[in-house]
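Student: I would like to learn how to read a protein model. Please take it one feature at a time.

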Amino acid sequence: MNSTSSPFQFARLKTQQIMLLVLAAASPAVLIHSWFFGYGMLLNIVLAMVIGLASEAVCLWLQSKPIKVALSDYSTLVTALLFAVTIPPGTVWWLIAMGIVFAIALVKHAYGGLGHNVFNPAMAGYLFLLLAFPLSMTAWHLPQAATTPTPDHSPLSWTSFVESLSFVFPLIQNQAIDIDGLAMATPLIEYKMAGQSAVLEAYREGLPIFSRTSETGWELVNMAYLAGGLILLSLRIISWHIPVAVIASVLVMSLLFYSDGGSSVVGTPYLHLFGSATLIGAFFIATDPVSAATSNPARIIYGVIIGCSIYGIRVWGSYLDSVAIAVLFANFCAPMLDHFFRPRIFGHDRWSPLKGQTGHE
């Protein structure tokens, strides 16, 4: 008997509990990101969650479906979180609104709502904005307080919060505050640890690991996503097949094609794992149970497709952080993978995809 397929699958946790655990697992990385780079990420998340819940409620109301019950499963909050962390801090509010409404209304509810969407809503919303507004989506604007921290490494202040708020809502500006910002192409280019671990370098130089001048920010964020992903694995919220396949594929590809000729685009294997969005993609995005492949063999191939696509698009394509494109491409492949790797039906030796029927041999 195959106990991993219907009807022999039993849920230990309710949907609400699973979604809350995913939010909790991602929270440390979000907090570390905000510590190093300002309040912009938190503003993105709050705004995306509020507008996402409103969009969900409107879509449910239009379909005459119960609103309170659907909103209480917290799936919209997870979608909003994963969408918001891909958006550059300081993105104007109406761009965030367009992206999350596209994700909820068109990608999720146009296909029937939770459990029926073909594509990952968060990544579809991000890619929509990336294609429609490429300049805004590739410029990470940071408040001056985050780019020039004080010598004593003081935490973020009210001043930096108002600066971040002024980016999101351009009409809200305090003229007494000098608004400045840092625009960078992507973390994969700007990050300084192509040769070695920035955490180890900070330790050798005697810098506090959480010092906002030690340049360990992106590395610590990814370590937090890795820790959160391992927690989800230990709680059996996700299976190991997709994350391991994604990470292994990126690692193998980066080892095969690594060049130390000074190209910051190719980068070291370590950079591809800890200086980009690979880890959040592997543990939190690619493992979406609705749009991903379902059987274990299909999940492994699904993860390999994502990992190879991430590296290929990042190195030989036009987009350096390509997790969204890779995941959506794998979403296209998921139904075919599930078709050819359908679990054996109880009571039958195997299923023949060529004949489209079951039977004993």
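Predicted model: local features only at pLDDT ≥ 70, side-chain atom pairs only at ≥ 80, totals over all residues.

Student: How many helices and strands does the protein have?

Tutor: Helices (H or I, at least four residues) and strands (E, at least two) are DSSP runs, numbered from the N terminus. The protein has 17 helices and two strands.

Student: What share of the residues is buried?

Tutor: Buried means under 20% relative accessible area, exposed means over 50%, and partly exposed lies in between (1.4 Å probe, protein chains only). Of the 361 residues in the protein, 50% are buried.

Student: How are α13 and α15 oriented to each other?

Tutor: Axes are lines fitted to C-alpha atoms, for helices over the stretch in contact, and angles run from 0 to 180 degrees between N-to-C directions. Angles under 35 degrees count as roughly parallel, over 145 as roughly antiparallel, 65 to 115 as roughly perpendicular and the rest as oblique. Helix α13 (residues 241–257) packs against helix α15 (residues 278–285) at about 160°, with the axes 8 Å apart. The two are therefore roughly antiparallel.

Student: Which residues make that contact?

Tutor: Contact means heavy atoms within 4.5 Å. From α13 come Ile242, Pro243, Val246, Ile247 and Val250, and from α15 come Thr278, Leu279, Ala282 and Phe283.

Student: How are α6 and α17 oriented to each other?

Tutor: Helix α6 (residues 121–132) and helix α17 (residues 323–340) pack at about 125°, with their axes 9 Å apart. That is why they count as oblique. Here Met123, Ala124, Tyr126 and Leu127 of α6 meet Ala324, Ile325, Val327 and Leu328 of α17.

Student: Is Arg314 buried or exposed?

Tutor: Arg314, which lies in helix α16 (residues 296–316), is buried, with a relative accessible area of 0%.

Student: Which side chains make polar contacts with the side chain of Arg314?

Tutor: A polar contact is a pair of N or O atoms within 3.5 Å; within protein, one must be able to donate a hydrogen and the other to accept it, and residues adjacent in sequence count only if both atoms are side-chain atoms. The side chain of Arg314 has such a contact with the side chain of His272 at 3.0 Å, and another with that of Ser276 at 3.4 Å.

Technical notes: Residues numbered from 1 in each chain as written. Heavy atoms only, no water.
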